[in-house]
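Good morning, and thank you for making time for this item. Please have the sequence and the model open while I speak.

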Amino acid sequence: MINYNNYPEIKPGKKLLKRIYVATMLFVFGRAFQAVSRVDRSAKEEFAQMPDDFVLDFCVVPNGPHMIVGKDGKGRITYLGWNPAGKKITLAMRIKNIEAAMRMFMFLESSCVATSRDRLIVDGDLPTACNVLHIMDLLEVLLLPKFAAKLGVKRYPKWSQLSPLRKWTSRLLTYVRLIA
Amino acid sequence: MRSQSEYGFFYQPKIMSGVAAMENIPVELDGFNARHPFVITSKEISSSGLAKKFVKALYDSNTIIGALYDDVPAYAGIGLIRELAQFLRDRGCDSIIAIGTGSVVDAAKGINIIVSTGKDVLEFEGNNAVLGHLKPFVVVPTATIAPYDLTGCAAIEGKEIISDYLFPDIIAIDTRMIRGCCSDSMRATALVSLTQALEAFLSPQSNHLTDAYASMALRIIAEHIVKAVKRPRNKKTCLAMANAATVSAAAFHNQLPGPVHSLGMALSKLTGHLPGLCMGALLPAALKLRSKKKEPFRSDLLLAVGGADRYAESAENDRANKGEAALMNLISSIPGIPQGLSSLKVPRHTAEEAIALAAKKEPALKKQDLEEIISMAL
């Protein structure tokens with residue numbers, strides 16, 4: 001006879017440090033989404049293609065953390081915090097687990113590689129999700145030094161695609177708006 | 001090409017392979033509305049720390065493990081399977097996860113039949129007796145992968161149960177779990193995959209889909225098998241071999257087992273050797289028999305085993321012969337491959353028993369062919 005007491009139920013533990021890291025990164029990226037939408041030309045073009053009621057929930061399943069970004073009444077991109085309750089989400093991009101989120105936000109995998117490795121679930125309009133991924137790549141280029149950004153993006157932009165002047169201006173303004 | 005255009009093909013599992021594959025299990029189980037799995041594994045896997053790695057992979061999820069039973073022996077009898085099925089019911093679990101190989105996976109399939117159908121598992125012996133969906137079933141393979149692990153077959157109490165519904169729903173091939181412990185287990189796993197893929201590829205009943213799976217498996221095996229056996233703890237080659245095992249299992253399940261597989265399984269049952277080693281000892285003999293009978297090899301065998309460059313630079317008429325030569329080279333280059341049945345110390349009377357067993361199990365196989373393979377291998 002099997003002694004049931006030798007095999008207890010196992011409740012899942014917590015990866016607290018990883019959750020804190022991912023939550024911090026999502027907070028920074030959320031603020032950076034708002035900042036870059038006001039300072040960079042290509043980001044403005046990407047955001048202009050999104051619908052007026054656009055609200056993005058970028059999160060880790062099942063228990064978060066979340067990053068909510070959306071367009072306000074005037075069509076400007078705004079960081080709406082970490083709590084999706086009461087918000088009408090039009091696009092949900094869910095990372096399947098905290099380890100996948102860590103790999104993305106530690107830039108061990110680019111968002112394209114993560115998508116190809118089935119680490120993301122997209123619920124909503126696919127072209128808009130592609131726009132979001134383009135903006136995330138741009139943010140990584142602007143926020144991170146080149147050696148780190150190269151790991152996180154599919155292709156680091158050449159001079160002809162993003163001139164140093166534009167890169168450094170957008171980088172500076174994004175950082176200023178991020179901190180302010 | 002002799003591929004038939006009229007065929008049936010079935011392959012069920014969702015395969016997740018690579019880094020952090022186990023972490024996806026809760027999300028995938030959620031898709032089946034299951035959050036309370038019953039996990040079974042063996043003492044060996046538990047003591048090597050792999051069970052702990054699995055539990056850690058489920059951190060930060062909604063999945064509560066109903067019980068982690070880590071005492072499945074190398075031979076799981078019907079009594080244990082019935083007890084575990086009752087244990088699962090008592091804990092109210094809604095899915096099953098098997099970590100490991102052989103008896104662990106067979107036991108998990110048996111438990112799943114009992115708890116899903118409410119009947120005893122031995123009532124389902126034979127082909128396609130299980131005729132309904134079972135509870136969500138996940139397999140997390142480790143370095144050694146047994147012939148039936150990733151297919152819709154289970155061997156319980158010496159009886160075989162074959163059904164499409166016995167396939168795992170999810171196969172999570174995680175880099176942390178599949179690192180080989182030793183060359184022997186890696187060699188045995190690789191030889192089973194090679195046999196399954198090769199017999200599916202060369203079978204007269206092959207079709208477009210079995211060809212696709214079998215040729216892909218052969219390609220992966222040809223590229224990695226030697227390195228995997230020499231360096232069984234190399235992550236990249238272990239992952240490749242686990243993927244080859246998964247792909248070849250898909251081709252194998254959709255074909256009748258060939259003579260080498262059937263004889264290898266019978267010999268393994270009678271002698272206690274790993275099935276892969278028995279198949280490896282018989283494989284060269286079976287290929288020689290094929291040449292002796294002047295059954296032509298397929299020209300695209302060279303593409304699968306020799307690579308695209310060798311295929312492209314060979315004249316069309318030479319490809320079949322070169323494919324055969326490349327295959328023989330590949331087999332002979334596997335370090336430590338058994339040189340015939342004598343190297344496994346299989347006596348003639350046991351080999352004859354194996355012929356009778358294989359012929360009884362697979363009536364479609366010609367007994368004369370089985371006898372010739374055995375006599376050439378002895």
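**Chain A, then the sheet of chain B**

Of the 180 residues of chain A, 36% count as buried; a residue is buried if 20 or more other C-beta atoms lie within 10 Å of its own, exposed if 12 or fewer, and partly exposed in between, with C-beta atoms placed from the backbone. This is a predicted model, in which local features need pLDDT of at least 70 and side-chain atom pairs count only at pLDDT 80 or more, while totals for chains, interfaces and linings use all residues. Residues are numbered from 1 along each chain as its sequence is written, and chains are lettered from A and ligands numbered from 1 in the order in which they are written.

Chain A has seven helices and five strands. Helices here are DSSP runs of H or I with at least four residues, strands are runs of E with at least two, and both are numbered from the N terminus. The order in chain A, from the N terminus on, is α-α-β-β-β-β-α-α-β-α-α-α. Its C-alpha trace spans about 75 × 40 × 30 Å along the principal axes.

Let me turn to one helix of this chain. Helix α3(A), residues 98-105, is mostly covered, with eight of its eight residues buried. Among them are I98(A), E99(A), R103(A) and F105(A). What do the buried residues of α3(A) pack against? They pack against α1, β1, β4 and α4 of chain A, where a contact requires C-beta atoms, placed from the backbone, within 7 Å. After α3(A) comes F107(A), whose phi is positive, near 60°.

I now move to chain B. Six of its strands form an open sheet in the order β1-β9-β6-β4-β2-β3, with parallel pairing; two strands pair if DSSP finds at least two bridges between them. The edge strands are β1(B), residues 14-18, and β3(B), residues 67-69, each of which pairs on one side only. Neighbouring strands of this sheet are turned by 15° against each other on average, direction ignored. For such angles, axes are lines fitted to C-alpha atoms, for helices over the stretch in contact, and values run from 0 to 180 degrees between N-to-C directions.

Four bridges join β2(B) to β4(B), and F38(B) stands opposite I96(B). Four bridges also join β4(B) to β6(B), where I99(B) faces V140(B). Helix α5(B), residues 103-117, lies across β2(B), β4(B) and β6(B), running at about 170° to β4(B).

Finally, the domains. Chain B is divided into domain 1 (14-174) and domain 2 (183-377), with bounds from an automatic or database domain assignment. Their centres, taken over C-alpha atoms, are separated by 27 Å. The contact takes 13 residues from domain 1 of chain B and 17 residues from domain 2. On the domain 1 side, the elements giving two or more residues are β1(B) and β9(B).

Key
Two residues are in contact if their C-beta atoms, placed from the backbone, lie within 7 Å.
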